[in-house]
Amino acid sequence: EGAEIEYKFRVEGEEKSLKCKLVNELAPCDAVALLDNIDLTGLMLWPAAEAMCNFIRTNPFNWKLNEVSVLELGSGTGAVGLLASFFVKKILMTDGCEETVDLITENINQNRKILTNNNVHACHYLWGEDTQQWIERNATKAEPSYDLILGTDIIYYAAMLPDLFKAVSSLLSKKTSTPTSKTTSHNDEETQQTENSNLNSTESNNNNSNEVNNNTNIHLPVFVCMYSIRGRALDAALLSTAKEYGLKVECVKPYSMSFVAEDVKNNHGFFPRPVKGAWDAEELFNTTDIDGIRFCCFSRE
């Protein structure tokens with residue numbers, strides 16, 4: 001079933017509104033097609049999308065986003081990437097499904113009149129494929145490396161993680177991180193203890209968890225991943241696979257969705273709300289439960 005979602009937000013006090021076409025629900029035959037490596041899930045809007053949009057527009061680590069080229073993996077409808085385009089220098093949205101790339105392109109085109117950034121592109125990218133060949137095929141769009149890579153609800157099962165982190169490892173910039181205005185630092189042992197504590201804890205402070213981690217100084221280049229929590233085994237596989245590909249965890253914690261009510265009150269966020277209770281804060285976004293949103297941030301070792 002086709003539908004359209006609108007995302008309302010402010011940029012430097014000015015009201016903006018993006019409209020994205022999507023599919024409300026996949027037919028059972030489309031879901032089963034995942035077994036045949038035909039993934040149409042990107043045609044839908046998934047829970048972590050609103051969390052990632054909130055993260056980008058609040059920019060809790062004070063990154064100089066207007067100087068950054070961004071790669072988004074598994075872009076789906078393009079909602080997150082389109083929102084990000086108002087804050088970053090350049091963004092390339094990618095997906096491994098040709099039908100989904102067509103949808104992203106359609107959504108870029110229908111919002112072209114309001115986009116303030118002309119460096120907004122989309123193309124097909126299949127995790128695990130030869131990166132250099134992919135860059136050559138998409139020479140007018142792709143860059144050799146990126147300071148910021150985004151992934152929103154792109155993790156469903158552990159078997160997909162090696163290809164994901166192979167892609168991240170090959171495309172995340174190797175340059176030295178540039179400090180932001182924050183100066184707090186931690187030694188490696190303290191940071192690792194914090195990561196383990198955040199991963200294993202089932203408690204969060206809803207009053208400040210939208211800020212991700214006020215006490216952590218995280219610099220670019222990084223891979224930011226948000227996903228609906230599906231169990232501790234997947235969390236553990238995520239961290240171990242990242243390490244295998246030379247990436248370390250800068251931050252892991254639940255991401256509170258308490259801002260949703262505030263956004264609705266201020267007439268911001270996604271409208272209409274997605275169907276079938278997919279955005280029920282009591283069920284999916286309760287960070288004291290297994291069904292919350294996980295925020296992960298990775299950098300090079």
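E14 is partly exposed, at 46% relative accessibility; buried means under 20% relative accessible area, exposed over 50%, and partly exposed in between (1.4 Å probe, protein chains only). K16 is buried, with a relative accessible area of 14%. The two side chains, E14 and K16, meet in a salt bridge of 3.4 Å, N to O. A salt bridge here is a side-chain nitrogen of Lys or Arg within 4 Å of a carboxyl oxygen of Asp or Glu. The model is predicted, so local features need pLDDT of at least 70 and side-chain atom pairs count only at pLDDT 80 or more, while totals for chains, interfaces and linings use all residues. Residues are numbered from 1 along each chain as its sequence is written, and side-chain values use heavy atoms, with hydrogens and water left out.

The structure holds seven salt bridges. Side chains of opposite charge can pair when their charged atoms come close. E106 pairs with K21, and the closest N and O atoms are 2.8 Å apart. This bridge links distant parts of the chain. E106 lies in helix α4 (residues 98-110), K21 lies in strand β2 (residues 14-23), and the two are 85 residues apart. Helices (H or I, at least four residues) and strands (E, at least two) are DSSP runs, numbered from the N terminus. E106 is partly exposed at 35% relative accessibility. K21 is also partly exposed, with a relative accessible area of 32%.

R137 and E129 form another salt bridge, at 2.6 Å, N to O. R137 is exposed at 52% relative accessibility. E129 is buried, with a relative accessible area of 18%. R232, D235 and R294 are linked in a network of salt bridges.

Helix packing was examined next. Two packed helices are described by the angle between their axes and the distance between the axes. Helix α6 (residues 161-171) packs on helix α8 (residues 232-244) at an angle of about 40 degrees, with the axes 10 Å apart. Axes are lines fitted to C-alpha atoms, for helices over the stretch in contact, and angles run from 0 to 180 degrees between N-to-C directions. The helices α6 and α8 are therefore oblique to each other; angles under 35 degrees count as roughly parallel, over 145 as roughly antiparallel, 65 to 115 as roughly perpendicular, and the rest as oblique. On the α6 side, L161, P162 and F165 make the contact (heavy atoms within 4.5 Å). On the α8 side, L234, A237, L238, T241 and A242 take part.
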